[in-house]
Amino acid sequence: MRHVKFGKCVKCGREYPAVPNLTNCECGGMIDIVYDYDSIQSRFTKETLSARTDFSMWRYRELLPVEADTEAPPLRVGWSPLYEAPRLAAELGLGRLWVKDDGLNPTASLKDRASAMAVAKAREAGARVIACSSTGNAASSLAGNAAAAGLETYIFVPARAPKGKVAQLMAFGATVISVQGSYEDTFELSRQAIDHWGWYNRNAAINPYLSEGKKTVALELMEQLGWQVPDYIAISVGDGCTIAGLWKGLKDLHAIGFIDRLPRLISAQAGGCCPINRAIAEDRPWEPMAENTLADSIAVGVPRNADKALLAIRESNGLVVNLSDEEIMAAQKLLGRSCGVFGEPAGVTGTAGVAKLCRQGALGSGDTVASVVTGNGLKDVANAIAACGEPISIPSDMDRLLAAFAERGLRPA
Ligand SMILES: *Cc1c(COP(=O)(O)O)cnc(C)c1O
Ligand SMILES: [Zn+2]
């Protein structure tokens, strides 16, 4: 990969050749992939990009850590829609607001970006089996992307994973191990099994290529905005790999001159599980927390990408915001009715954070904000019904319909 220099430990600075199965540094630190921006800049311009007809994450190949002859995996990942949300902006009192619906990826979450990258790197490594542990979406996205590429998968999920995600895993033909315990317990068992069988490891905790896949959400967002940088980008945070990837993509674009400034990040976590935001707010090292939230995808008590995430939030002079389950559920309804975008609880947590910061006066009419919806609401129907309510249930009888409307004060036009 002539455009990649090496992998560099974010903790101690040690450098490693960027081989396909690169994992953590000897010191335990996460590795960051370092690019040769001069070489990239000489071959990659906004004009070359805008002429491309590949509307997937692979349209940014020059900025991705894959060999020139590595085939893009079959599922179409990326180029999710970006919607401007003027009515929601007005309701919140914001200058401008955009919503990027990453729940419209093939397996319905932003994780597809990382899983497609994992499949590409597993092929480069000559692997036939990939494994991971996951709160749910990394698992279903790996199972789907690997199935399409003809690779076998072993998946470890905590017993609490919602049915929709487990159904995806079974449909994609994965061997699924449902671990009776926390996400931390799940991760630990997957680690031992991967060591034992030597599978290709799609754990964001150790695979430095995954945040490189996730960074394509930033590349797309900026291209879709015509390279006009918003003041803030909001996203939900669990393990920390996603926000780290988002920041990496923005820094890449800045380094090659595609954007002229960097936005501030908004890190949104659940109040019941916010080790990363707590470390920022109290300016001290992160500490494990319990996993008390219905937003299962971001219930990560021991974040493995905390170092990268903390760096990203601090470098961007970012904001942190913690949401109660009630605030997350309210945002699910708010996004649905104002934008027609249906997100799972963790998917809407970034937008819940934007709404809360508006209520607190930290964001207002002078600010422009993009918010990433990271996962689709159909993954967790039980929580969606709990958040948004039950329908009017009556027999097929016009009088009963009139009575039901009258009871609820509904006067159809
Ligand atoms: C994984 C996930 C996140 C958070 O990503 P991390 O890398 O764990 O911080 C947010 N939303 C959804 C829907 C996810 O699946
Ligand atoms: Zn190190």
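Ile 385 sits in helix H15, which spans residues 381-388 (helices, H or I, of at least four residues and strands, E, of at least two are DSSP runs numbered from the N terminus). With a relative accessible area of 36%, Ile 385 is partly exposed, because that class lies between buried, under 20%, and exposed, over 50% (1.4 Å probe, protein chains only). Together with Phe 342, Leu 378 and Val 381, Ile 385 makes a nonpolar surface patch of about 350 Å².

A word on the basis of all this: the model is predicted, local features need pLDDT of at least 70, side-chain atom pairs count only at pLDDT 80 or more, and totals for chains, interfaces and linings use all residues. Residues are numbered from 1 along each chain as its sequence is written, chains are lettered from A and ligands numbered from 1 in the order in which they are written, and side-chain values use heavy atoms, without hydrogens and water.

Now turn to Gln 332 in helix H13, residues 325-339. Gln 332 is buried, at 2% relative accessibility. Beyond its neighbours within four places in sequence, Gln 332 is in contact with residues including Phe 342, Asn 383, Ala 384 and Ala 387 (contact means heavy atoms within 4.5 Å).

Cys 12, in the loop between strands E1 (4-9) and E2 (15-16), and Cys 27, in the loop between E2 and strand E3 (31-35), are 15 residues apart. Cys 12 is partly exposed at 47% relative accessibility, and Cys 27 is partly exposed at 39%.

Conventions
Patches are made of residues with over 30% relative accessible area and no salt bridge: like charges are joined within 9 Å, nonpolar side chains (Val, Leu, Ile, Met, Phe, Trp, Tyr) within 5 Å. Accessible areas come from the Shrake-Rupley method with a 1.4 Å probe; for residues, only the protein chains shown count as cover. A salt bridge is a side-chain nitrogen of Lys or Arg within 4 Å of a carboxyl oxygen of Asp or Glu.
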